[in-house]
Amino acid sequence: MSDPCAPAAPSPDLDDPLALAEYAAGGAVALTDAERWPTLDEAGAARLGAVARHPLAPTWVHRTGDRLTADGVARARTPLPVDDWLAGHLATARKLPAYRRVADTLGDLPSWPTVTRDDLLDDVSAFVPLDADLDRMIEGSSSGTTGRALQIPDDIEEVARSFHLLVRLVAEQGIHWRPDPGRMALAYVVHQRQAFTYTSVISSFGQAVMARLNLHPSQWPAAGQRTGFLLHQQPQVITGNPTSLAELLQPELVAGLRPLALFSGAMALSLGLRRDLERAYGCPVIDVYGLHETRPIAVSADGGPFVILDRRVHVEVLDASGRPVPAGQRGEIVVTAGENPLLPLVRYRTGDFGRLVDVAGRPALADLEGREATRFLALDGSLVPSVDLTQQLQAGGARGWAVHQAADGSMTAAVVGGDAAQIGAALGRLLARPVTVTTVPTLLDLGEGKPRRYESLAPGA
Amino acid sequence: MAEGPVPFWRRLTNSAGLREPDRNETATNTTPFSPPADRVPRPAAAPEPAVTNVVDSEALLDIWFAREQDDVIVWRTCLPGASTAEIATRLSLVPAAFLADDADVLQLAENILETEYGASGTTPPDRRRQEVLQIVDQVRATGSRAARRGAALVLWLWASDDLNGPLSVPLSPVWYGRAIAALSFRLAAVVDPAEWVRDADRRDEAARTFLLWSGHLPAGEDEATARSILAMRDSLQQNTALAQTMADHEHRLQVTKRLQEARAREAAARYSNE
């Protein structure tokens, strides 16, 4: 008998020239439920089934769990100790294959070379400890917004622990977030043409239900389906990026949803959108700065500087030659990150820029650049988020790019690597307007910062 | 054996920098091969000056590891082949000219691939031929004397049928590229190919390595036996300085494999944008 909770069988949309196979429903389903949720009890399964089979539920693309064992559940709830973590972290990193030939020259942090995303692209395994427990490895792909997709070895328990970081950040706002059997614990919302969507239980949070939802209208064919589903689930906390969170300003959602807090990530949250969301929902809006490679780095709960999190993360701001800039001066944000045991990074260049400042005695990042939320104006007047372009650029094999839309709507793109003709055709279809694609030889030819640039000067974008 | 010049050599001398050899001018002038265990110990000949150092060895190994060959799979797919004695004997008979510093190994490869297969109607597919030539060109580009000699010895093994008759089990051109890369970059990185000719144990190691990457188990041995003997002989595994390089390579293979498996086995639930 077929599992009514399971996503539909893989069926790429043959009529859609922009459909990507990995987003076909059921295309990445491989585990059993016992493997997805080793501790799932009857009540948790019932809650999960109720969401998965809800009459207004979207077609789930994916089925995924947190894979936590009973021991893992306990560990996920506990933050890693941070006392003197950096010394131990450097000792671990010194034994990485990446540093084997220079290990003797590596002393305290300033003596270490910086690492770039390209270093990880070249050989991520060189940054995975030789004695790492690969049985805990899951694959994360940083494909959302930042250049050529990078396969990242994530740790099951670290990913689960990141949920409890959100719980603590909510608590810091004076709000006690605890499981409510009548509500979805968390809705992670995206708004893009194609995305992985799923529902799961959070094993370490009373087996409450969460879901990754795509708010794009194409995913909700029935009138009122999206609003109806969200209002019925009443997510306690909603996470997303500025593009998807902006969708929450729809009046029918504002009228019915009662979140405890909203989290924004991945892209810069404008002050205007922050204020609109705060007014609409009367709850904290917490902007989290982090990269998949480094995990969360800093947060801003008030629109001011991003306060560095009290966890295994150390932030420096360096100039182009790798030297620390004077206090308070602008430079590239470089992060030493020790939360993910499978990827202990030392001095990772984020490609983002900012200033290191002091906020109430804690280090913080001000004037953060590099996370701009960009949308492009299609010929039919619709606004297309940059992540939709990212998917097509990556599918075309580009390693980096700069995409520009002029005030008159005309589009140009410079790409490094990939099939320019394929990319031009895909972007042209996406925006229903021609896109002139040129190739440049190296990422450096795209300029300072991340290996992707999006800019739109079109009205309303 | 014919007394006159061997046509084989006339073809090979074309642009390859090889002189027509005296019949007895082998690299060793030793007696034909006997199994290492049966040999009477004798004083080792004075070794040639070391031509590889650690840096050079690591550079060669990097090239080999970049090919991402999985020896577990190779062992599993091996078919019965010639005996190590047959291969080792051929190694011991290598003409000295093959190991000469002025031999143009790329030209030698072109000539051997042409003479061995060009006229017989069994020409390997062009892409195989090109693969071998690319590897030999890579050998030449390293500037490593050891790698060049390693490649030359493999070329000799392929060419020697013309002088010494066919092997008891023919080699498959499908694995020519893999075999010449293994001996030029992996084995030559840790053992000077001159030793493959001169030293019985190293000759046995070279013969076994050649058979493995040519897709064959030594005649009369099963996989477990062949693996065990080669592991015992494997100079790379016994070289402490380079063992870490090999461990890094195996780690890379393992992480890459596990990442691919993890991708196929689904991600895990995530809770926010990063």
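Which helix of chain A does A:L165 lie in? The first legend has the answer, after a word on the model.

This is a predicted model, in which local features need pLDDT of at least 70 and side-chain atom pairs count only at pLDDT 80 or more, while totals for chains, interfaces and linings use all residues. Residues are numbered from 1 along each chain as its sequence is written, and chains are lettered from A and ligands numbered from 1 in the order in which they are written.

**View 1. A:L165 sits in helix 6 (residues 156-171) of chain A.** Helices (H or I, at least four residues) and strands (E, at least two) are DSSP runs, numbered from the N terminus. A:L165 counts as buried because it has 20 C-beta neighbours inside 10 Å. The scale goes like this: 20 or more other C-beta atoms within 10 Å of a residue's own is buried, 12 or fewer is exposed, and in between is partly exposed, with C-beta atoms placed from the backbone. Look for A:R311 too: it is 146 residues away along the chain, yet its C-alpha atom is 9.5 Å from that of A:L165.

**View 2. Helix 11 (residues 386-395) and helix 12 (residues 420-431) of chain A cross at roughly 155°, their axes coming within 9 Å.** That angle is why helix 11 of chain A counts as roughly antiparallel to helix 12 of chain A. The cut-offs are under 35 degrees for roughly parallel, over 145 for roughly antiparallel, 65 to 115 for roughly perpendicular, and oblique for the rest. Axes here are lines fitted to C-alpha atoms, for helices over the stretch in contact, and angles run from 0 to 180 degrees between N-to-C directions. On the helix 11 side you'll find A:D388, A:L389, A:Q392 and A:L393, which meet A:I423, A:A426, A:L427 and A:L430 of helix 12 in chain A. By class, that contact has six nonpolar residues, one polar and one charged. Ala, Val, Leu, Ile, Met, Phe, Trp, Tyr, Cys and Pro count as nonpolar, Asp, Glu, Lys and Arg as charged, and the others, Gly among them, as polar.

**View 3. A:G418 is in the loop between strand 18 (411-416) and helix 12 of chain A.** This glycine counts as buried, because 20 C-beta neighbours fall inside 10 Å. Leaving out residues up to four places away in sequence, A:G418 touches A:G396, A:G397, A:A398 and A:I423; a contact means C-beta atoms, placed from the backbone, within 7 Å. The C-alpha atom of A:R399, 19 residues away along the chain, is 7.1 Å from that of A:G418.

**View 4. Over in chain B, helix 9 (residues 176-190) packs on helix 11 (residues 200-213) at about 140°, with the axes 8 Å apart.** So helix 9 of chain B is oblique to helix 11 of chain B. B:R178, B:A179, B:A182, B:L183 and B:L187 in helix 9 of chain B meet B:A206, B:T209, B:F210 and B:W213 in helix 11 of chain B. Sorted by class, this contact gives seven nonpolar residues, one polar and one charged.

**View 5. Where the chains meet, 23 residues of chain B are in contact with 41 residues of chain A.** The chain B side of this has nine nonpolar, six polar and eight charged residues. For context, chain B has 14 helices and two strands, whereas chain A has twelve helices and 20 strands. Buried residues make up 49% of the 461 residues in chain A and 41% of the 274 in chain B.

How values were computed. Contact = placed C-beta atoms within 7 Å.
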